[in-house]
Amino acid sequence: MLQSSLTDDAIIDRINKVTNLGNELDWNSRTKLALRLMELIDNHAVRTKGKISPRTVKALRDEAWLPLNEMLHQPSECWDSRPADSPLCDMVLTILPIELRSRELRNLLGWNHVPFRVLRSQLEAVTEPSRNPGADVDADPDADIEADPNADANADADAEEPSIAKTSNKVKEILVALASCYQEDKCTEGGLVELAKTLGEVEWVPVSGSRLRLARRSTLEPIELGVRFSQVSSSLLAAKGVKKLLKSMGITERPRVTELQVALHSIEDELSQETDTESKDSIIRDSIRIAEEICRNSDEGFDRSTLLVPTAKRELVNSRVVIFNDAGFDFPQLEEGLYFSHELMSAASAKVLGLQSYRALQLDQLGEDAYGFYLGEDITTRIRGVLADYDIKYSINEWIANAHDAGASCLKLLVDEASFEGPQILGDELHFKVSPALIVYNDATFQEEDFQGIGNIGKGGKGDKSNTIGRFGLGALTYYHFTETLLRFPLRTAAQASKSEISKKEVTIHKLSALLADFYEHSRRSLLFTSLHEISAHQRDSPEIEPSQIWSITADPATEDQSNDNGDSFVATLINVDTEAPDGDTSQQQWLVSRSSAFHDLIDTWHIDPSLIERYRLANRTLDCGLAFEMSAQEFIETSKLFATLPLPVPISLPVHVHATWILAQDRRSIRADASIQGSDPPPDAEFNRYIMQNSIPHLYIKSLSFINEHYPEVIHLFWPKRLGSDTDETVTDALYRTRWRVKEPAFALRMRQESETS
């Protein structure tokens with residue numbers, strides 16, 4: 001009868017009956033009446049496709065007519081029991097024991113999508129630290145149960161994992177719903193920031209293993225930093241819009257440097273309380289990974305005065321009293337108060353962390369006698385020393401250098417997981433497994449002198465070739481970062497590492513793949529000043545299938561101009577560089593590369609120190625300089641790099657990359673120039689580099705700007721150097737604006753004077 005007479009008056013009459021607490025209805029009857037009314041309205045809405053009068057809608061939405069838990073609720077304080085929505089609101093809203101069928105009625109009641117305010121409250125409730133996620137809400141507290149004295153621990157252990165996983169899954173569902181809200185502009189970034197602030201030190205981020213983490217200890221990228229940091233659950237990240245949501249809530253791609261330093265301080269406390277040797281070793285390994293992560297993110301800047309560094313004594317101490325041991329495996333004696341860094345700490349990391357080098361200190365004390373330091377060394381000791389100087393992540397540079405020096409046009413790297421064995425391997429182990437391996441290919445021909453060069457440790461086979469990158473016979477030794485063999489690169493296994501006299505570090509496929517992925521960015525600039533036209537990385541799983549490409553960089557050069565003036569050559573080459581990144585994205589850049597060499601008269605006039613020619617193999621005293629201008633740039637370039645044919649990790653504030661035949665520091669990652677700028681009596685090698693900065697580079701810069709002004713005047717404003725940046729930048733810029741070389745083109749001379757006045 002009620003259903004046939006479901007008029008506005010009938011509905012409102014029954015709502016009034018439910019809400020009239022003065023009548024004879026008990027709470028049970030009141031609840032049944034309200035739920036029956038909701039069911040009838042739902043059926044009516046399904047039949048009429050939601051045709052309900054505004055008067056009735058107002059009563060349904062505004063009145064507190066839903067009696068549950070002996071309270072009356074408005075629809076905004078409730079939700080129906082639709083399964084998809086319950087995990088999003090069941091802890092902050094009253095859930096009705098009924099699921100609506102009418103989409104129109106859901107919409108009228110505001111139950112179509114769980115709103116942001118409810119999702120926020122639900123997330124806060126689910127992750128509330130004081131709440132016991134494993135509590136049984138249906139259990140009878142007065143039940144008479146005989147206690148088992150051994151049951152508590154077992155029950156806790158059995159219940160903990162499922163309850164944690166259940167909570168993690170619930171949080172995932174809430175975050176996916178929040179991501180949908182954010183995408184549909186139903187919440188603001190400011191609201192998400194405020195939510196993250198409210199959560200604060202609550203573990204609310206789902207990570208692998210169905211657990212929850214603090215936001216500051218969670219990352220969007222995969223990381224290997226032990227138990228102190230975790231990547232956000234991959235299944236959660238795969239959901240639409242979640243990555244953008246988490247970024248807005250403060251989750252970063254990788255850990256912040258400040259948080260990494262906090263983690264090191266907490267590890268210091270753990271080590272002070274830990275007595276088990278194996279546990280200490282595990283904690284120290286975590287600290288090394290964290291220290292290396294700090295190096296990776298060093299662009300953020302960090303406070304070295306409070307930085308803790310793992311030591312060889314399995315302790316964490318302040319970096320100011322830590323010395324990097326580059327003298328081999330045996331630790332020399334240090335004065336009291338100083339510590340050697342842990343043996344697993346790389347040379348590159350030590351440099352970024354600002355650690356002092358033991359060998360550098362010793363060589364400085366030896367002075368000129370230091371150049372005979374290695375005479376009579378055991379070969380494995382020598383290789384270990386070189387590996388300490390050349391970090392594994394820079395090893396691929398050596399293959400580019402070798403390919404360039406050999407005149408090759410391409411370099412291809414293959415991560416080979418194909419498994420096979422064979423007796424063709426040279427050495428004691430005739431049946432040596434050759435997988436997994438790294439295969440390096442270039443299209444040049446191996447000559448007799450190349451074999452001889454490999455055999456001459458510290459001498460090499462290119463000493464008389466000043467136009468080559470490698471002339472000292474040391475670069476090839478970096479191959480031992482990966483392998484125990486020479487001509488092929490099967491990766492060093494854990495078993496080999498344990499017995500090796502060269503390196504104790506295992507190289508896995510995962511580590512090799514990560515190295516190649518990181519090297520992609522470096523390789524994008526490696527074609528500018530080399531003979532190579534292609535660098536690419538590939539991978540294969542078996543010998544039966546074709547290798548798949550990981551990434552590639554190709555260059556298409558076209559010589560624009562050549563000239564020769566009194567022995568000073570000038571060559572301008574336009575290069576189109578095409579890249580395909582590991583994620584499949586493609587891009588193209590256009591570069592103008594200018595080169596200049598010779599300057600014999602200038603060198604003779606300057607009277608180069610003869611000792612440099614022998615010491616640094618400057619056989620024919622030819623200086624080679626180059627500049628790379630990004631013609632496809634849309635705005636002024638604030639930061640570029642120094643090159644020694646290949647990029648160096650030395651940023652400069654000039655708008656162009658600068659290459660020259662520098663004299664490099666011992667690590668081959670920087671140039672010897674600082675002493676020239678900061679000291680009153682610079683050594684000859686630093687003064688040699690300073691000469692290039694003050695004379696050769698400015699001379700080429702002016703020629704290049706003149707060429708661009710003539711052929712590409714619309715972009716020349718991008719390449720005027722500013723008087724700012726490092727000492728190196730200022731040395732080049734000041735010399736350029738003070739140069740006395742005559743500028744032949746009147747228009748260009750006027751432009752140069754104008755720029756000099758405004759810079």
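Reader: In what order do the three strands of the open sheet come, and is the pairing parallel or antiparallel?
Author: This is a predicted model. In it, the three strands of the open sheet run in the order 12-11-13, with parallel pairing.

Reader: Which ones are the edge strands?
Author: Strand 12 and strand 13 (356–357), each of which pairs on one side only.

Reader: How many bridges join strand 11 and strand 12?
Author: Two bridges, in the parallel sense, with strand 11 covering residues 322–324. Within that pairing, Val-322 has Tyr-339 of strand 12 as its bridge partner.

Reader: And what holds strands of a sheet together in general?
Author: Backbone hydrogen bonds, in either a parallel or an antiparallel arrangement.

Reader: New topic. How many aromatic pairs does a search of the whole structure find?
Author: Seven. One of them is Trp-79 with Trp-111. Their ring centres are 6.1 Å apart and the planes meet at 35 degrees, so the pair counts as tilted.

Reader: Where do Trp-79 and Trp-111 lie?
Author: Trp-79 is in strand 3 (residues 78–79), and Trp-111 is in the loop between helix 5 (103–109) and helix 6 (116–126). The pair therefore ties together parts that are 32 residues apart in sequence.

Reader: Is Trp-79 buried or exposed? And Trp-111?
Author: Trp-79 has 2% relative accessibility, so it counts as buried. Trp-111 is at 0% and also counts as buried.

Reader: What sort of aromatic pair do Phe-340 and Tyr-358 form?
Author: An edge-to-face one, with 5.6 Å from centre to centre and 65 degrees between the planes. Phe-340 belongs to strand 12 (residues 339–340) and Tyr-358 to helix 14 (residues 358–366), so this pair links parts 18 residues apart in sequence. Phe-340 and Tyr-358 are both buried.

Reader: Which residues form an aromatic cluster?
Author: Phe-629, Tyr-701 and Phe-719 form one.

Reader: Which ring does the charged end of Arg-217 sit over?
Author: The ring of Phe-229, at 5.0 Å from its centre. Elsewhere, Arg-30 lies over the face of Trp-27, 5.6 Å from the ring centre.

Reader: On to helix 11. What should its 17 residues span?
Author: At 1.5 Å a residue, helix 11 (residues 257–273) should span 24 Å. The C-alpha atoms at its ends are 25 Å apart, which agrees.

Reader: Which of its residues are buried?
Author: In helix 11, the buried residues are Val-257, Glu-259, Leu-260, Gln-261, Ala-263, Leu-264, Ile-267 and Leu-271.

Reader: What covers the buried residues of helix 11?
Author: The cover includes helix 12 (277–296), strand 9 (308–310) and strand 10 (316–318).

How values were computed
Residues are numbered from 1 along each chain as its sequence is written. This is a predicted model: local features need pLDDT of at least 70, side-chain atom pairs count only at pLDDT 80 or more; totals for chains, interfaces and linings use all residues. Side-chain values use heavy atoms; hydrogens and water are left out. Rings of Phe, Tyr and Trp (its six-membered ring) pair if their centres lie within 6.5 Å; planes under 30 degrees apart count as stacked, over 60 as edge-to-face and the rest as tilted. Helices (H or I, at least four residues) and strands (E, at least two) are DSSP runs, numbered from the N terminus. Buried means under 20% relative accessible area, exposed over 50%, partly exposed in between (1.4 Å probe, protein chains only). A charge sits over a ring if NZ of Lys or CZ of Arg is within 6 Å of the ring centre and within 35 degrees of the ring normal. The expected span of a helix is 1.5 Å times one less than its number of residues. Contact means heavy atoms within 4.5 Å. Two strands pair if DSSP finds at least two bridges between them.
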